[in-house]
Amino acid sequence: QDLDQLSEGDRVGVERTASGELHLWVNGLDCGPAASGLPPRVWGVVDLYGKCTQVTVVGGDGSAPRRREEAFEDVQAEEALCLPQSRSRPEKLPNSLESEDGFVGMELSEVVTRGGLLSYGGGPGLLSVSLGSPASGGGPEPGVPAPEREAESGGSYTCNNALLFHQKCGLLIKLSNNNKTAERRRPLDEFNNGVVMTNRPLRDNEMFEIRIDKLVDKWSGSIEIGVTTHNPNNLEYPATMTNLRSGTIMMSGCGILTNGKGTRREYCEFSLDELQEGDHIGLMRKASGALHFYINGIDQGVAAPQTPGEVYGVVDLYGMAVKVTIVHNHSHSDRLRRNNAIMRALSPDGGWRAFETGDPELERLLFHPNCGQKAAVINGGRSALRPHATDDFNHGVVLSKRPLRPNEIFQVRIDNMVDKWAGSIEIGVTTHNPAYLQLPSTMTNLRSGTWMMTGNGVMHNGTTILDEYGHNLDRLKAGDTVGVTRKDEGSLHFFVNSVDQGLAASNVPASVYAVVDLYGQAAQATIIDDIDLPSLGEEVTDSNTQLSLSSPAWLGPGSDLRFHHLHGSNAVISNGGRTAYRQNCRNEFNDSIVISNRALREGEMFEILIQKMVDRWSGSIEAGVTAIHPEDLEFPSTMTDIDYGTWMLSGTAIMQDGNTVRNNYGCDLDSLGTGSRIGMLRNLNGDLHYFINGVDQGVACTG
């Protein structure tokens with residue numbers, strides 16, 4: 001039960017059972033055990049946080065509410081904690097709590113701290129409160145005598161404090177976010193000394209989970225995670241945890257190391273070295289002693305059958321891994337984790353290393369990290385750019401990480417261009433392995449094993465073999481796509497906006513790598529997986545939206561509003577800026593933010609039409625407004641990751657700067673289907689309204 005969903009008049013209670021379990025009750029229904037091992041003497045606590053401003057302790061008739069599974073029978077009087085019968089509800093709260101109430105000389109501010117209310121009368125029992133204003137009148141509250149307090153001696157209990165990183169950590173670690181986030185300093189200069197541990201031992205069956213926030217594309221190796229018996233207070237931190245020779249089990253790559261020695265070479269199909277920013281890694285020590293690791297929520301099985309009873313979680317920010325954050329269960333995190341899990345592991349026709357063929361052995365096309373002097377490979381190998389494109393026009397060569405397979409299309413989208421140089425993107429193939437190639441300033445300088453399309457011509461080993469071939473690449477704009485394929489009989493074909501430009505060469509060798517030369521005006525490009533995308537020149541209407549496996553949203557023709565040319569890495573803008581769709585939508589679920597081409601005027605509606613959906617992922621379209629100019633925005637995976645100047649509707653939740661400020665708004669975006677229209681309007685008073693199919697859903701937020 002989500003307490004954020006409760007409203008005035010709802011009742012919520014907490015109970016410590018005789019066996020030491022903590023139960024949550026909502027409107028008389030038991031939600032089940034929430035924790036175990038509570039000490040014999042506890043106080044009920046209420047935090048009047050956020051929207052909740054007033055609660056009242058409600059009495060009982062000596063019997064507990066009914067459980068969802070079965071009713072309690074013969075409930076003892078001490079199992080319900082209420083106000084004693086002799087007390088009546090006061091007309092107003094006193095300035096101090098007198099001694100006869102059990103609090104000698106304690107000021108109210110000492111008992112009610114930051115909205116927290118401590119119930120009096122410890123021991124097992126039920127504390128139940130009602131939200132909202134108290135009922136009128138001042139009659140006596142029915143109740144039962146306060147329970148007899150249990151003895152405080154004997155028995156240990158489990159602490160309920162949240163998992164954080166211990167303040168003592170590796171030499172280069174910087175902690176932030178209340179010790180939930182760890183970051184390795186100087187990641188381009190140093191690759192180790194990045195060990196962090198949990199602030200307390202892990203409990204049985206407790207998940208310790210982190211999210212990868214930042215990677216650098218420089219070192220070999222990446223994040224390592226595991227458990228150790230060493231107390232962080234007493235540990236002299238090693239440069240890397242695999243140097244420890246006692247009490248330590250770590251997952252490194254796809255293997256398991258125990259005390260620095262490999263015990264399982266191929267533990268699972270995933271390698272930690274291949275994870276990307278946003279991926280989740282978790283571990284759990286089961287009550288049986290078995291250690292399990294989790295990748296994006298998917299259990300990878302038993303890594304070690306027996307581990308000691310008291311172990312701490314360990315993360316080694318090694319090599320490429322720079323920054324991680326401990327995540328706890330909440331709806332937004334769960335949605336991303338479920339979608340990551342579907343994308344990375346469960347997809348029968350795509351996923352982590354597969355194309356639409358379903359063959360799990362197929363490795364996804366990426367750029368090789370060895371690239372031109374003025375180029376950089378980013379976005380997990382999917383994008384390449386010239387960071388200083390206005391200063392240099394060449395040395396921007398990038399190659400595919402592996403050779404092309406017969407009939408496989410290598411296709412890239414131009415993400416960014418500069419209006420300064422002559423010439424633009426060039427694309428082709430080469431027999432040279434990028435790992436051993438001394439990259440030239442431009443690929444047309446190579447004199448062996450290379451075929452390139454440049455402008456509207458084709459060159460072989462630096463010599464023109466075709467003039468007036470196909471669409472002129474120098475005329476392409478941001479958002480256009482170019483591609484190349486070697487067919488199984490050895491013919492070479494180029495594509496512009498998914499249109500085959502015809503035969504460019506014959507008898508091309510079987511093993512060739514794809515090449516992109518970010519030359520001249522071309523500043524950044526992203527690999528698009530092997531799917532059919534609509535040409536940018538085509539008008540997208542209701543009758544031809546099936547041209548792509550994508551999720552387009554369309555702006556109505558009556559407005560000059562368009563989508564901005566800057567957008568998320570998986571989004572494509574077409575139809576003169578009126579249509580946006582997510583490429584490779586069955587394998588990718590985010591990184592598809594699109595923004596209007598200009599600021600909205602007061603009272604102006606920004607309305608879109610959902611034209612295509614896929615029945616695959618958790619969640620759906622999110623819509624809102626932002627005060628951030630698109631050129632100042634470093635596009636995140638999802639807009640709800642932005643922590644300033646942004647208001648979004650996600651499902652039924654209104655979110656401001658990444659935090660939920662209102663639940664159960666008048667509409668649910670997750671329930672909309674193809675053909676639905678979503679509009680956003682900021683009125684003269686600064687109120688934000690949403691419109692579904694032209695119907696105003698009311699004020700979403702103000703100011």
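Of the contacts (heavy atoms within 4.5 Å) in the protein chain with a separation of 6 or more, 64% are between residues 24 or more positions apart. The model is predicted: local features need pLDDT of at least 70, side-chain atom pairs count only at pLDDT 80 or more, and totals for chains, interfaces and linings use all residues. Residues are numbered from 1 along each chain as its sequence is written, and side-chain values use heavy atoms, leaving out hydrogens and water.

The protein chain has two helices and 48 strands, taken as DSSP runs (helices H or I, at least four residues; strands E, at least two) and numbered from the N terminus. Of its 703 residues, 50% are buried, meaning under 20% relative accessible area with a 1.4 Å probe, protein chains only; exposed is over 50%, and partly exposed lies in between.

The structure contains nine aromatic pairs. Rings of Phe, Tyr and Trp (its six-membered ring) pair if their centres lie within 6.5 Å; planes under 30 degrees apart count as stacked, over 60 as edge-to-face and the rest as tilted. Two of the pairs are tabulated below.

| Pair | Centre distance | Plane angle | Class |
|---|---|---|---|
| Phe-393 and Tyr-519 | 5.9 Å | 90° | edge-to-face |
| Phe-563 and Phe-606 | 6.3 Å | 85° | edge-to-face |

Phe-393, in the loop between strands S24 (383-385) and S25 (397-403), is 126 residues from Tyr-519, in the loop between strands S34 (513-517) and S35 (522-528). Phe-393 is partly exposed at 34%, and Tyr-519 is partly exposed at 22%.

Phe-563 belongs to strand S37 (residues 563-567) and Phe-606 to strand S41 (residues 605-610), so their pairing ties together parts 43 residues apart in sequence. Both Phe-563 and Phe-606 are buried.
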